[in-house]
Amino acid sequence: MVCLGNICRSPLAEGILKSKLFRANVIIESAGTGAYHINERPDVRSINIAKINGIDISGQRARKFSLKDFDEFDLIYVMDSSNYRDVIKMAKNEEDRKKVKMILNEVFPNENLDVPDPYVGGDFGFKSVYNMLDEACDIIAKKINSNE
Ligand code: 4NP
């Protein structure tokens, strides 16, 4: 799960997807394309909206997306088109590029919609981001749980 800062959207996506998976042998991580917040906890507004929904993301720490993520993960979900461009720029080959998906395309195929960056804004932005990610992660989890 990749966003810009790895403190608002992708930590939520990581926590939400983990909460929906029955299989223990799936590794879910999140990272940011930017280095602004390395080693920080998720934004308190993300921690709070997750907590309201029964998910604890407070133990996560931000890290930067790295080249080796292409080798370690089968799927790389990005939150918006700017993350998409940044990650695609780092891809070494077509196999890497094929792993990169806009997360809301799970809900709205081929529309390339962004999960809006809620960093500058109030709590409402976090609630709607949570709901978008919850819907997308439901679909992703169903695919993984059914071993598709
Ligand atoms: P995120 O939100 O990409 O969802 O973690 C942001 C957090 C911090 C910044 C930008 C976006 N920032 O510029 O510091």
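T33 is buried, with a relative accessible area of 15%; buried means under 20%, exposed over 50% and partly exposed in between, with a 1.4 Å probe and protein chains only. This is a predicted model, in which local features need pLDDT of at least 70 and side-chain atom pairs count only at pLDDT 80 or more, whereas totals for chains, interfaces and linings use all residues. Residues are numbered from 1 along each chain as its sequence is written, and side-chain values use heavy atoms, with hydrogens and water left out.

**Surroundings of T33**

- T33 sits in the loop between strand 2 (31–32) and helix 2; helices (H or I, at least four residues) and strands (E, at least two) are DSSP runs, numbered from the N terminus.
- When neighbours within four places in sequence are left aside, T33 is in contact with V2, C3, L4, K64, N83, D86 and V87, where contact means heavy atoms within 4.5 Å.

**Ligand site**

- The ligand is surrounded by C3, L4, G5, N6, I7, C8, R9, H37, D117 and Y119, a residue being near a molecule if one of its heavy atoms lies within 4 Å of it.
- A polar backbone atom of C8 is 2.9 Å from an oxygen atom of the ligand.
- An N or O atom in the side chain of H37 is 2.7 Å from an oxygen atom of the ligand.
- For D117, a polar side-chain atom lies 3.2 Å from an oxygen atom of the ligand.
- On its own the ligand has 350 Å² of accessible area, of which the protein covers 89%; such areas come from the Shrake-Rupley method with a 1.4 Å probe.

**Helix 6**

- Helix 6 (residues 123–145) has 23 residues and reaches 32 Å from its first C-alpha to its last, close to the 33 Å expected at 1.5 Å a residue; the expected span is 1.5 Å times one less than the number of residues.
- The buried residues of helix 6 are F126, V129, Y130, L133, A136, C137, I140, A141 and I144.
- These buried residues pack against helix 1 (9–20), helix 2 (44–52) and strand 3 (76–78).
- Just after helix 6, N147 takes a positive phi of about 65 degrees.

**Aromatic pair**

- The structure holds one aromatic pair.
- F65 and F70 form this edge-to-face pair, at 5.4 Å centre to centre with 90 degrees between the planes.
- Rings of Phe, Tyr and Trp (its six-membered ring) pair if their centres lie within 6.5 Å; planes under 30 degrees apart count as stacked, over 60 as edge-to-face and the rest as tilted.
- F65 counts as buried at 5% relative accessibility, and F70 counts as buried at 0%.

Note on methods
Polar contact = N/O pair within 3.5 Å; in protein donor to acceptor, adjacent residues only side chain to side chain.
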